[in-house]
Amino acid sequence: WFLREPVRGQMDRSPADPPAAGHAAPPRLSDYRTLLKNRTFHMAVLALTGVAASNGGFLPWFADYLEDVKGVHKKQASLALGSIILLAGLIGNTLGGILSDLLYARTRKAHAMVTGVAFLAGAPLLTLALVVPGRIAPLVLGFAGALFFFMCTPALNALIANVSRPEVRATAFAGALFIMHA
């Protein structure tokens with residue numbers, strides 16, 4: 001609605017053409033070596049992998065836990081889990097991105113700080129969800145823990161974007177996605 005339609009073909013160019021102003025040059029082998037030596041990139045990928053493994057391992061299992069341990073009917077447990085993932089994902093990713101960007105105006109460490117605080121807040125909440133009595137408290141704690149874990153994702157993605165040269169940024173994201181899902 002608010003964006004103008006680009007002129008057809010304006011971004012098309014021949015591989016033989018020199019890079020246009022404002023466009024990145026093709027990556028060099030040294031660009032990839034620099035990325036592979038970047039400790040911040042390694043830590044961001046490791047953190048993304050940890051968050052994905054935690055959410056991806058805990059949350060699907062949580063429905064079985066609710067059914068087996070808390071006596072919640074399977075259909076209700078699955079609906080509750082789906083709602084938790086949907087809402088925590090939408091809210092957590094949005095809050096994490098906004099908070100990370102707002103804090104980045106004050107400190108270049110904002111993305112790492114948001115990730116660290118969110119992870120440290122989420123882990124105990126997910127652990128508590130397993131030991132509290134009742135049927136409602138585990139759902140509330142599971143939602144809160146998942147929300148904090150989801151807050152990590154946009155901050156880590158921004159961190160990867162910031163430490164990757166434009167020539168290899170797509171490769172950096174592809175590598176991060178491959179590693180976190182492998």
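Three salt bridges are present in the structure, which is a predicted model. Two of these pairings involve Lys74. In one, Lys74 is joined to Asp64, with a separation of 3.9 Å between the closest N and O atoms. This pair connects distant parts of the chain, since Lys74 belongs to helix α3 and Asp64 to helix α2, the two residues lying 10 residues apart. In the other, the side chain of Lys74 meets that of Glu67 at an N to O distance of 3.8 Å. Asp64, Glu67 and Lys74 are accordingly linked in a network of salt bridges.

Lys74 has a relative accessible area of 45% and is partly exposed. Asp64, at 34% relative accessibility, is likewise classed as partly exposed. For Glu67 the relative accessible area is 28%, and this residue too is partly exposed.

The remaining salt bridge is formed by the side chains of Arg165 and Glu167, at 3.3 Å from N to O. Here the partners fall on either side of the 20% limit below which a residue is considered buried. Arg165 is partly exposed, with a relative accessibility of 35%, whereas Glu167 is buried because its relative accessibility is 17%.

The largest nonpolar core comprises 36 residues, of which Phe41, Leu59, Phe62, Leu66, Ala146, Leu156 and Ile160 touch the most other members. Two or more residues are supplied to this core by each of α2 (39-68), α3 (74-104), α4 (110-129), α5 (136-163) and α6 (169-181). Helix α2 provides the largest share, with 11 residues. When residues up to four places away in sequence are not counted, Leu66 touches Gly71, Val72, Ala77, Pro138 and Leu139.

Helix α4 consists of 20 residues and spans 28 Å between its first and last C-alpha atoms, close to the 28 Å expected at 1.5 Å a residue. Its buried residues are Ala110, His111, Val114, Thr115, Ala118, Gly122, Leu125, Leu126 and Ala129. The buried residues of α4 pack against α2, α3 and α5. The face turned away from the buried side of α4 bears the exposed residues Val117 and Leu120.

With neighbours within four places in sequence left aside, Thr115 is in contact with Ala47, Cys152, Ala155 and Leu156. One of these partners, Leu156, is also among the residues of the largest nonpolar core that touch the most other members.

Note on methods. Residues numbered from 1 in each chain as written. Predicted model: local features only at pLDDT ≥ 70, side-chain atom pairs only at ≥ 80, totals over all residues. Heavy atoms only, no water. Core = buried A, V, L, I, M, F, W, Y, C linked by side-chain atoms within 4.5 Å. Buried < 20%, exposed > 50% of the residue type's maximum accessible area, 1.4 Å probe, protein only. Helix = DSSP H or I, 4+ residues; strand = E, 2+ residues; numbered from the N terminus. Contact = heavy atoms within 4.5 Å. Expected span 1.5 Å × (residues − 1). Salt bridge = Lys/Arg side-chain N within 4 Å of Asp/Glu carboxyl O.
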